[in-house]
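Me: I'd like to learn how to read the packing in this model. Could you take me through it, starting with the aromatic rings?

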Amino acid sequence: LIDEALKTGVLDVVDFSTEIIDQDFYRGVKSKLGHVLSGQVFPRSGETDLVIKILREARQILLIGPSGAGKSGLLWLISSEMSSWGRWFEIKSTASVSDAFLIVRFVRSRQPKAGSPIMLAMDEVSTHNCELWSMLSEQLRAFSDVYLVGTARIEDLPLIPSRSAFKTFSVMLDERLAQSLWETLSASNMTSWSHWREPFEKCDGLLLEYTHILTQGGRLSSVIGDQIRQREQEDRHDELSIIRICSAVCVNGGEVSVSKLFRGLNIPCDRGKPALTRLLDEHLVRES
């Protein structure tokens, strides 16, 4: 019973030995630990050191940012840096709030202590598993040698209750990382840009958009497609209606008045504003 979390695939032992070398990685492939181990994920020493410091002190931290900000890469850089510091397990994306007791039972059975702590990584905390993160955050506070680190899109942060129990850290693309990535792509003839500055200024701090601009890969469109499908599955009709109008107007060089938009869609302001805020946070809609 104590190993049920492993047997059912709710938890997995983090593998620090298997490298992944992906020829399309710099075109915007989602970062995994294997990419870090193979050296394809660029070091982010400043952010990594700061997050590790916060994690050691607070024991729980959520890396937040819009899609494509580099959250997953930073998560696995941190785990790689702390690989010998504790026993690492990944909470799989298929886990739900009903699996919380399996995870807590597993952690308790491993008897975490100062010389042998338990480290839990949870990539992509979102609408379907935010309650799981919140429950684990509350229940694992009682274990002084259990550490929890995860990633979440900034638009999903308001959905997570009990946010006072953990720290947050905003992830954005900085100039040093942008320059290193451009130099690597340029050396491999994977970009035609003669300098990194202009693409960096166009990307609004998003690593995914930056690589897309440099390489003209297809990853950005697939991410946006996934976001649209998620909204369809969750019946988020107001957000879909806003996207439908804004995309049609903006692709033709126009701009949209918020008040006229809500009137035209027959959406009350108190309902439309939260929907629009989520789209702005996720960079699906831009505000001028």
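Reply: Gladly! A pair of aromatic rings is described by the distance of the centres and the angle of the planes. The rule here takes rings of Phe, Tyr and Trp (its six-membered ring) whose centres lie within 6.5 Å; planes under 30 degrees apart are stacked, over 60 edge-to-face and the rest tilted. This rule gives four aromatic pairs. In one of them, the ring centres of Trp-85 and Tyr-147 are 5.0 Å apart with planes at 70 degrees, so the pair is edge-to-face. Trp-85 sits in the loop between helix H4 (71-81) and strand E3 (87-91), and Tyr-147 in strand E5 (residues 146-153), so the pair ties together parts 62 residues apart in sequence. Helices (H or I, at least four residues) and strands (E, at least two) are DSSP runs, numbered from the N terminus.

Me: What should I know about the model and the numbering?

Reply: This is a predicted model, in which local features need pLDDT of at least 70 and side-chain atom pairs count only at pLDDT 80 or more, while totals for chains, interfaces and linings use all residues. Residues are numbered from 1 along each chain as its sequence is written, and side-chain values use heavy atoms, leaving out hydrogens and water.

Me: Is Tyr-147 buried or exposed?

Reply: Buried means under 20% relative accessible area, exposed over 50%, and partly exposed in between (1.4 Å probe, protein chains only). Tyr-147 is buried at 9%, and Trp-85 is partly exposed at 29%. Another edge-to-face pair is Trp-196 with Phe-200, 5.8 Å centre to centre and 65 degrees between the planes. Here Trp-196 is buried at 6%, and Phe-200 is buried at 15%.

Me: Which residues touch the most other members of the largest nonpolar core?

Reply: In soluble globular proteins, nonpolar side chains tend to be buried together. A nonpolar core is a set of buried Ala, Val, Leu, Ile, Met, Phe, Trp, Tyr and Cys residues joined through side-chain atoms within 4.5 Å. The largest one has 40 residues, and Leu-63, Phe-169, Leu-173 and Tyr-210 touch the most other members. Among the elements that each supply at least two residues are strand E2 (60-65), strand E4 (118-125), E5, helix H7 (175-187) and helix H9 (207-215). Leaving aside residues up to four places away in sequence, the contacts of Tyr-210 (heavy atoms within 4.5 Å) include Leu-173, Trp-182, Trp-196 and Phe-200. Another core, of 30 residues, lies apart from the largest one and includes Leu-102 and Phe-106.

Me: How do I read the sides of H7?

Reply: An α-helix has 3.6 residues a turn, so residues three or four places apart point the same way. In H7, the buried residues are Leu-177, Ala-178, Leu-181, Trp-182 and Leu-185. They cover an arc of only 130 degrees (from the directions of the C-beta atoms from the helix axis), which puts them on the same side of H7. These buried residues pack against helix H8 (197-202) and H9. The face turned away carries the exposed residues Arg-176 and Ala-187.

Me: And which way do the residues of E5 point?

Reply: In a regular strand the side chains alternate between the two faces of the sheet. Val-146, Leu-148, Gly-150 and Ala-152 point one way from E5, and Tyr-147, Val-149, Thr-151 and Arg-153 the other way. Eight of the eight residues of E5 are buried, so E5 is largely enclosed by the rest of the structure.

Me: How many bridges does E5 form with E2?

Reply: Two strands pair if DSSP finds at least two bridges between them. E2 and E5 pair in the parallel sense over six bridges, with Ile-64 opposite Ala-152 in E5. E4 and E5 are also parallel, over six bridges.
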